[in-house]
Amino acid sequence: MKKKHLFPIATTIFLMTPMFSSLEVKAASEKTEELKQQEQELGKQSELLNEEIKSKEQEMESLEEKKSR
């Protein structure tokens, strides 16, 4: 009797496995897209910060030139 019950359960698990793996792939691809967006945002932020640093350095240089005069 136990073998009769085992076969449908094993078949159900076997047939559902591809569905679970495709859901995992979908979730992983969504996470990848999310991480790419975060990476782009961080890249933009770092560019802005680098520009700000350059402008501050230029201000410092101009102030030093004014002091030396």
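**Figure 1. K31 and E34 are separated by about one helical turn, being 3 residues apart in helix α1.** The model shown here and in the other views is predicted. The two side chains form a salt bridge in which the closest N and O atoms of K31 and E34 are 3.8 Å apart. This separation meets the criterion applied, because a salt bridge requires the nitrogen to be within 4 Å of a carboxyl oxygen. In general, side chains of opposite charge can pair when their charged atoms come close. K31 is partly exposed, with a relative accessible area of 46%, and E34 is likewise partly exposed, at 38%. By the rule used, the count for the model comes to 1 salt bridge.

**Figure 2. M16, M19, F20 and L23 make a nonpolar surface patch.** The area of this patch is about 370 Å². M19, one of its members, is placed in helix α1, which covers residues 2-68. The relative accessible area of M19 is 43%, so this residue is classed as partly exposed, a class that lies between the limits of 20% and 50%.

**Figure 3. E57, E61, E64 and E65 form a negative surface patch.** Among these residues, E57 is found in helix α1. With a relative accessible area of 45%, E57 is partly exposed.

**Figure 4. The protein chain as a whole contains 1 helix and 0 strands.** Helix α1 comprises residues 2-68, and the protein chain has 69 residues. Buried residues account for 0% of the chain, where buried denotes under 20% relative accessible area. The accessible surface comes to about 7100 Å². Carbon and sulfur atoms contribute 61% of that surface.

Technical notes: Residues numbered from 1 in each chain as written. Predicted model: local features only at pLDDT ≥ 70, side-chain atom pairs only at ≥ 80, totals over all residues. Heavy atoms only, no water. Helix = DSSP H or I, 4+ residues; strand = E, 2+ residues; numbered from the N terminus. Buried < 20%, exposed > 50% of the residue type's maximum accessible area, 1.4 Å probe, protein only. Areas by Shrake-Rupley, 256 points an atom, 1.4 Å probe, with all protein chains shown as cover. Patch = residues over 30% accessible without salt bridge, like charges linked within 9 Å, V, L, I, M, F, W, Y side chains within 5 Å. Lys, Arg positive; Asp, Glu negative; His and termini not counted. Charge placed at Lys NZ, Arg CZ, Asp CG, Glu CD.
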